[in-house]
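Please keep the sequence and the model in view while reading.

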Amino acid sequence: MADTWTLHLLHTNDLHSHFEKMPQIATCLKTSRQLWEAQQEHVLTVDIGDHMDRMDVRSEASFGKANVQVMNRCGYQYATIGNNEGITLPKEKLDEMYEQADFTVIVGNLLDKASSAPPQWAVPYAIHTLGELRVALLGMTIPFSTYQSLGWEILDPLPLIREQVAALRSSADIFILLSHLGYQTDCRIAAEVEGLDVILGGHTHHTLPHGERVGNTLIAQTGRFGEHVGHIRLVWDRDGKQIADVSAELFDTASYAPDEALRDFLQKEKAAADASLFQPIAELEQDLHVNWTEETPFGSFVAASIRRWTKAEVGIANGGLLLSDLHQGRLTFAQLLESVPHPINACAVTLTGEQLASVLEQAIQPQIVHRELRGCGFRGKIEGWMAVDGLRIRYEESGQPHILAIEVNGQPLIREREYRVGTVDMFMYNRLFPDLLQGREIEFFHPEMLREVIASTITDRTLVQSAFLPRWEKVSPESSGHAIE
C-alpha cells in the first residue's frame with residue numbers, strides 16, 4: 001500500500017460582508033479542522049477575496065478591519081484580495097486594513113506605485129511546509145484599471161503565474177492558485193499554465209459542486225455570500241512524489257450551528273458601527289423619495305452632486321442607484337449607506353452633443369429603464385430612469401419614446417459641440433451605453449464613493465431645492481411636433 005499524506009483545503013470566496021453567515025462558517029471550519037487533524041491529516045484554510053463589502057455598516061465603519069478580525073477568529077491561514085478590498089478602499093485604508101491579520105495575504109500582481117514593490121501587508125507567494133510536503137500558494141486579483149488612480153500598479157496575472165510556477169518548481173511539490181480573477185480566466189489559466197494542481201477561484205460567483213477539471217488542474221469555487229464552504233481533499237503519494245487523488249465538494253453553511261463567540265463579537269461590532277455611522281450629517285427640509293421608473297428630486301440631486309463633484313457641464317445618473325427614501329429631518333451616514341450602498345464612484349467624460357443625445361434617447365427606452373443590472377459594483381435591481389442635471393429635455397412617451405428637444409444649461413444642444421459629462425463609473429464597465437465609451441478624456445474620481453459625494457453636497461440647501469425643478473418634460477404625441485435632428 002502506498003505511503004500517502006492527505007491535505008484538506010477549506011476555502012471561501014465572495015462573502016461580501018454577509019456577516020450573518022460567518023458564525024456558521026466558523027463552526028464549519030473549526031469542526032472540520034478538528035476532525036482531520038485528529039486523524040493526523042493536514043489542513044489549510046484560505047479565502048479568495050471579496051470577504052469585505054462596504055455595504056455593511058461594520059465594514060464601512062471599520063474600513064474592513066472588522067472582516068479581518070472575523071477571519072482571525074475563524075482561523076484563516078491565507079487569503080488573497082478581491083476588487084472590493086482592492087479598489088473600494090482608499091490606498092491608506094487598504095494599507096491599514098491587514099495590520100492585525102493573523103493570516104498571510106498573498107497577491108502577486110499588485111505593487112505600490114511609488115516604490116514598485118509589493119505592499120507591506122502582502123507577499124507575492126508563500127511556501128507552506130507540512131513535514132516533507134511543500135505547498136506553493138500563489139495569489140492573484142482581477143486587474144481593474146481603477147488601481148492606477150488609487151496609487152497602485154496592477155499587473156497582468158497570466159505571465160506572472162507562468163513565471164512563479166517556473167521559478168518555484170524546484171522549491172514546491174504542489175501548486176495552488178488563489179484566484180480572484182473569475183471562472184473564465186481560471187479556465188484559461190488552467191489550460192495554458194502547466195504545473196498548477198488546484199485553482200481556488202472567486203469573483204464570478206460560480207457554484208461548482210465538485211469542481212471542474214481543465215487538463216491536469218482542478219478548479220473550485222463556492223458561489224457567493226457564504227452559502228457554502230469549499231473542501232478540496234488532496235492525497236499525496238510520498239513514494240512517487242505526486243498527487244494520487246484530488247476531489248472537490250461543498251459544505252452547506254446552513255447545516256452548521258453558529259459559533260456563539262463570533263456571533264457575540266459581531267453584535268458588538270454592529271453596535272459600535274451604528275454608534276459611529278448614525279451620527280447626523282444633515283437636516284433635510286423635505287423627503288427625498290425613490291422611484292426607479294420616473295424622474296424624482298432625489299435622482300436629480302444625485303445627478304447635480306456628480307456634476308458639481310466632477311466640475312462638468314452636465315450630470316447624469318440612473319435612478320436605480322437609489323434603494324431607499326431619505327426622510328425629512330435628521331439624516332445620518334448610515335441612512336445614506338442603506339440608500340446608496342454601491343462601491344461606485346463618479347467619473348467624467350467628454351461627449352459630442354450627438355453622443356449625449358444618443359445616450360439620453362437610449363436611456364428612456366422601456367427595455368433599458370427596466371433592465372436588470374448585475375456586477376460592476378451595482379447593488380440594486382434595475383437601471384431605472386436617467387436622472388439629469390444641467391439639461392432640460394422634451395420627449396414623447398409612446399411604445400418607443402423619443403426625444404424632441406434638448407437644452408444644455410439653457411441653450412439648445414449642438415450636436416457638433418463637445419460637452420463635459422459627469423456620471424458614474426459603472427457605465428464605463430457594464431457597456432450599457434456604448435456612446436459613453438466612445439467619449440474622450442475619461443476621468444475617474446477616486447477614492448470617494450457616490451454616497452460620500454452625496455454626503456458632501458447634501459448640506460447645500462440650494463442644490464437640494466433646485467433638484468425639485470423638473471428636467472424631463474413629457475408631451476403627448478399629438479402635440480409633440482418634430483424630434484430633434
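## A polar contact at Thr204

A polar contact is a pair of N or O atoms within 3.5 Å, and within protein one of the two must be able to donate a hydrogen and the other to accept it. The model discussed here is predicted, and in it the backbone nitrogen of Tyr183 lies 3.0 Å from a polar atom of the side chain of Thr204.

Thr204 sits in the loop that runs between β10 (198–201) and β11 (212–214), and its relative accessibility of 34% places it in the partly exposed class. Although Thr204 and Tyr183 are 21 residues apart along the chain, their C-alpha atoms are separated by 6.2 Å. When residues up to four places away in sequence are not counted, Thr204 touches Gly182, Tyr183 and Gln221.

## Two helix pairs

Helix α10 (residues 297–310) packs against helix α16 (residues 450–457) at an angle of about 90 degrees, and their axes are 9 Å apart. Because angles of 65 to 115 degrees count as roughly perpendicular, α10 is described as roughly perpendicular to α16. On the α10 side the contact is made by Phe301, Val302, Ser305, Ile306, Arg308 and Trp309, and on the α16 side by Leu450, Val453, Ile454, Ser456 and Thr457. By residue class, this contact of α10 with α16 divides into seven nonpolar, three polar and one charged.

Helix α3 (residues 65–74) and helix α9 (residues 260–277) pack at an angle of about 170 degrees, with a distance of 11 Å between their axes, and α3 and α9 are therefore roughly antiparallel to each other. Here α3 contributes Ala66, Gln69, Val70, Arg73 and Cys74, while α9 contributes Leu262, Phe265, Leu266 and Glu269. The residues of the contact of α3 with α9 comprise six nonpolar, one polar and two charged.

## Nonpolar cores and a buried serine

The largest nonpolar core has 66 residues, of which Ile316, Leu360, Leu391, Ile406, Phe433, Ile458 and Trp472 touch the most other members. Leaving aside neighbours within four places in sequence, Phe433 is in contact with Val359, Gln362, Ala363, Ile368, Glu383, Met386 and Phe427. Another core, of 40 residues, lies apart from the largest one and has Ile25, Val43, Val70 and Tyr76 among its members.

Ser300 belongs to helix α10 and is buried, with a relative accessible area of 1%. Residues up to four places away in sequence not being counted, Ser300 touches Glu295, Ala387, Val388, Asp389, Ala467 and Arg471.

## Backbone geometry and loops

The peptide bond from His446 to Pro447 is cis, with omega near 10 degrees, and Pro447 lies in strand β24 (residues 440–449). Ser17 is placed in the loop between β1 (4–12) and α1 (22–38) and is buried, with a relative accessible area of 4%. Phe63 lies in the loop between α2 (57–62) and α3, where its relative accessibility of 22% makes it partly exposed.

Ala101 is found in the loop between α5 (91–97) and β4 (104–105). With neighbours within four places in sequence left aside, Ala101 is in contact with Val68 and Asn72, whereas the C-alpha atoms of Ala101 and Gln77, 24 residues apart along the chain, are separated by 9.5 Å.

Conventions. Residues are numbered from 1 along each chain as its sequence is written. This is a predicted model: local features need pLDDT of at least 70, side-chain atom pairs count only at pLDDT 80 or more; totals for chains, interfaces and linings use all residues. Side-chain values use heavy atoms; hydrogens and water are left out. Axes are lines fitted to C-alpha atoms, for helices over the stretch in contact, and angles run from 0 to 180 degrees between N-to-C directions. Helices (H or I, at least four residues) and strands (E, at least two) are DSSP runs, numbered from the N terminus. Angles under 35 degrees count as roughly parallel, over 145 as roughly antiparallel, 65 to 115 as roughly perpendicular and the rest as oblique. Contact means heavy atoms within 4.5 Å. Ala, Val, Leu, Ile, Met, Phe, Trp, Tyr, Cys and Pro count as nonpolar, Asp, Glu, Lys and Arg as charged, and the others, Gly among them, as polar. Buried means under 20% relative accessible area, exposed over 50%, partly exposed in between (1.4 Å probe, protein chains only). A nonpolar core is a set of buried Ala, Val, Leu, Ile, Met, Phe, Trp, Tyr and Cys residues joined through side-chain atoms within 4.5 Å.
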